[in-house]
Amino acid sequence: MNDYLALGCLCFKVFSPLDDEESSVWQEESIDGLASRCPSLVATNTARLLGAGWIRLESRRCAERPQWMVLRVYVLFHDAGHSKVGRTNTAMLAALDAIAREVDISPHTWQGSYVPGHEQRFDVYASRDDQDPSLYFLFNTLPSPSPAERLNDIAGKYAREALEDLLDETTTLEGLKTDLFPYQRRSAGAMLCREAVPGAILDPRLEARTAPDGSTFYYSARDCRFLRDPITFEACRGGILAETMGLGKTVICLSLLLATRHHLPSLPVLYAGTPVRPSVASLIDMAVSAVNRQSIPWRIEFDRIRQSTGDEMTSCASKLRESTPSYDIPPSLRNRTTTSPSPQCMLLTSATLIVVPRNLCSQWQSEILKHVEPGALNVLVMDDLKRALPSAKALCSYDVILFSRNRFDLESKHGTDGHGRRIARTPLVCTCPYIGASRTRDCHCLREDMLYQSPLKNLHFKRLIVDEGHSFSQINTNAVVVATQLVTAENRWLVSGTPAKDLLGVEVDLSSLEFKDHQSMLEQRRHFDPLYDRSGAIDNLGAIAGSFLKIQPWAPDSLRHSVSFKEHIYRHEDSRRLTYSGFSRCFQKTLESMVIKTQPKDVEITLPPLSHTIVRLQPSFYDKLTSNLFTLVLTANAVTSERTDADYLFHKNSHKERVALVSNVRQSSFHWAGFDEADVRATADTSRGYLTKDQTNCAMEDRELLLQTMEMAEVPALSSEGWKAMSRCHELGIVVENWPDESASHWSFEQSSDSSRILTGISQLLDAQRFVNTRCAQTDPGEGLAGAGIKALASARRRSPSQPKVVQQAAQRLTKSGIPSSSLGDEPALKKRRLLSSKDPRPATLSLRVPKHQRKQASDALEREEESLPIDSPYARGRVVGTTSAKMSYLISYILKHHQEEKILVFYEGDSLAFFIAQMLELLNIKHDIYARSLRSDLQSEYVVRFNETPDVRVLLMDVKCGAHGLNLCSASRVIFVNPVCRPSVEAQAIKRAHRIGQTRAVHVETLVLAGTIEEGMLERAQRMTNAEHIEAKTLEDDGGIREIIQNARCLPITREEVKSTCSMAALDVPQQLWGRPGWSRGSTVPQTAVLPSAVGPTHEYGKLCPKQTSSREGPPKKRARFGPLTFDERATEPAGSEAMSTASADERPAQWVEEGDDSSHAAPGVTRPATAPNADDLWLSLKGLD
């Protein structure tokens, strides 16, 4: 019976007389006796199993209730008796499953004391926690790391010493400038324990259960297997460092690197044999061989000898350096027709390979410079796509090889030639033509020496670290292919605060105003939710576990069948179908073996206070007008389409148009200049035409609603000279007081008798400001200003098309019923800016087209003392008093109030918003940068470093979609969301850019909302939505509540006084000087803000990043300029001077820094090595489409 498991008992009534032997002794049952006693269904299954030898039975009458027969069931273990009993019969497995469901596993029944109604059934399905937790709850309640408990488990002397150094809070880790927080020490120590004590873990698919007789067995629920002995796998050598955003994951990784510097990976057991020499070697050669085979960090011992005795051990150290630890992988022979690879020599290296997104490469370099002592780490930076890797031997000399993701991807070219060809496994017969009449072939077949061989293929690294590695769940990307198939690393780490889709720490979600503590947030998402927990994050974690971390049994293995992750981590209450009835304990064990995360209560730091305020602004006249025009579009579409056909915006086939329109509605709360008079007339005329038709299904309330909306939108728009001027030239309106009388009318959008206050465009105002500022030294700095105004406002004052022509073009303007095409696309391109004077000495920061002689004059002007306007000059009294956008006026007033003392981070949606804000900051000489989505990755990285380390840059404008990319912007203590994000996870991650370790100030967050608009309704609905509702709605418009808000939108009231009033505006808190502002000659100093990927900027200002512009190109013809092997487009002008893009140049960086390798023998196909890296001027020239 040793090969059988005491599974449980079957109990049933019998009507035969009681035999004394039946009540006192357990008797083994046979098939014949079973058929006469058991119920038919049970008898059928048990008889089949008993006859096949799968089970054994014992029976006895219940002593207390003799009418009940107790039948003990013993199951043959699946890992015993294979030579006699086969286990592949599916019918037998189904019968065993049926019997297992019926048995009573209570110990008292096993002893023969059966109590009806108190059965304890065997659970054939995977066990789960009684609380039925969600992934979010499991992730946020993982036990905090406690590596001190495993100190004695570490067998290696050097690893144990490294762990002691990490955990000793009384000392600073050698080579580290920064004092670590206790939780950072524990996290780094836990990482070291994972690497040094891999051990063996139980197969997570198995559950240890207790049999009725008290013995322990192992049960696999999905295939109904009972095992006597456990199946174990090697524990994960690495995992996911998932500390919350802002808690110092980078410095944790650096401390691990410093603690284990010079620690070599162990030789694989398969190749760790002692080499056989043809003759006896010298003692030093044998010693070196032994040191290398045991992966002993000899440099550590030599340092100790040098410090204690002064002996440099020069000869021994030289011998050890010459002999790099290595092992050979013999070729695998498949068959005689297969091309066998040559033996591969693998070099062991203590280097750590770090792969980071390209926009974070400079940030990592900055963090290393900040936290690590000079000379403590030898770092190689591989960021340049044009540079080749050094040889494998040379790479062994580095401690850290820092790859940008883009450069890392290029190593996927391993094994290919310059055309991407690979050698086939099966040798091909050469069919190349013969040379002339000879029998020699002119062979062009692919040969081994023509292929690119990546040096990474021949290295066995200590560890691989991937920062922001959640993208590695996409297993078919080049980076994942390189990491899994090319790179050999003893330990693999993925660093991300959000390791899977929408999987955030609870402390990040607390930025939502609804929750005040961790527990309340956890309680809301405690239980398993099929909508959220069946896909998304689970798929990501499964791909990471199997593909990148190579955790068994989830990793692909050629020796066995692949294991489905989702088949085992859930409790499936059906033997065939996947029911997803909660997470099994298998998943909890897998998650704990993968993730290192500290619970908030165990973090011994307190971040500065965080406040988040919703600022509801009263819309200006022009804000109301824009809102009403979009309401007119929505209403006209709903009524004229009769809410039925595909023309209706909320029809299932109009998803693309609906998303575009709603996106523009949200942006319009800041400013929108996409509509023009023809659009308004076309929509209104279509609506009137529909209302005059007979036999329509228009309800009376719809007719009245449409007429009312037309009255409140069409009439004010076509009556406003300011709105029509702004729509013609697509400008944001600025109100200026005390403009000199002689030129005021030429710069004003509105014809008014009051010249003391005018409305003009932001671009025109920049031209006027530049015009006067550059002539401050002249007697009349405004001479010629009127003529410049006529030229600047030419586009704003052009005549509108005649009414018949508008009617004729109405059909072409409306893409759907009542919807003009301008409301579905991007805001129209801003008209081309032109410098008004060829003698302008100031370099334009918003335009790249600056003639050479102007830049020379600009350079001379910057060297002279700044000219100022006389106090009695009429131009010294000009003041900017407001804008046509309530949000712009509030934002600029806020920045002016705080930018001197604090840095400000402004999140925006839509490139046109960033452009207008940048123009206002330019007008007020506030230094800023724009971090846009399609900005080049190297410039994104430089902007972050410059914003954090340069005192002059006070404001960073950032696309909110870039707010979740691992950026550290703790220099900012003021955060503004120009538009509500309406996605809690996105908003929380954006806030964490500033509220993180390193922040020394209280962080103040404000979200700007226009009161009474669609935007406010959408925000309120988004705050009420549950997490499941947010996940279900792929876009906000998919949510029923959001759709209802948009469908029920109504016009904002506009009074007659507002319509008749000129220069309607949202006032600034403090009027700002327009001309001669202090620091005007220095400008806003934003050398790269010109690289704004905007659909609103003209091509000559933003180059290839502005594809919407179609105007003709001007200026002198191009010429080609070469800087080394890099080619740039350049006009017949030279680049203006710009700031250096790197915070630490090659001369300024410590000696241990190496930008790229020196060995060009391993260049990837198509990769060349330039003589010198391009400087900042070269980068300036690299912008495409210069005009």
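Counting ring pairs in this predicted model gives 27 aromatic pairs. Take W739 and W747: their ring centres sit 5.8 Å apart with the planes at 40°, so this pair counts as tilted. F907 and F977 have centres 5.2 Å apart and planes at 15°, which is under the 30 degrees cut-off, so they count as stacked.

**Aromatic pairs and a cluster**
- The F907 and F977 pair ties together distant parts of the chain, 70 residues apart.
- F907 belongs to strand β25 (residues 903–908), while F977 belongs to strand β28 (residues 972–977).
- Buried or exposed, what are F907 and F977? Both of these Phe residues are buried.
- W739 and W747 are both buried too.
- Elsewhere, one aromatic cluster is made up of F528, Y570, Y580, F583 and F587.

**Charges over rings**
- R525 puts its charged end over the ring of Y136, 3.7 Å from the ring's centre.
- K903 lies over the face of F947, and here the distance to the ring centre is 5.0 Å.

**The sheet β1-β4-β3-β2**
- Four strands make an open sheet in the order β1-β4-β3-β2, and the pairing is antiparallel.
- β1 (4–13) and β2 (27–28) are the edge strands, each pairing on one side only.
- Inside the sheet, β3 (residues 55–61) and β4 (residues 68–76) run antiparallel and are joined by 7 bridges.
- What stands opposite I55 in β4? That's V75.
- Helix α4 (residues 90–102) lies across β1, β3 and β4, and runs at about 65° to β1.

Notes
Residues numbered from 1 in each chain as written. Predicted model: local features only at pLDDT ≥ 70, side-chain atom pairs only at ≥ 80, totals over all residues. Heavy atoms only, no water. Pairing = 2+ DSSP bridges. Helix = DSSP H or I, 4+ residues; strand = E, 2+ residues; numbered from the N terminus. Contact = heavy atoms within 4.5 Å. Axes fitted to C-alpha atoms, helices over the stretch in contact; angles between N-to-C directions. Phe/Tyr/Trp six-rings, centres within 6.5 Å; stacked < 30°, edge-to-face > 60°. Buried < 20%, exposed > 50% of the residue type's maximum accessible area, 1.4 Å probe, protein only. Lys NZ or Arg CZ within 6 Å of the ring centre and 35° of its normal.
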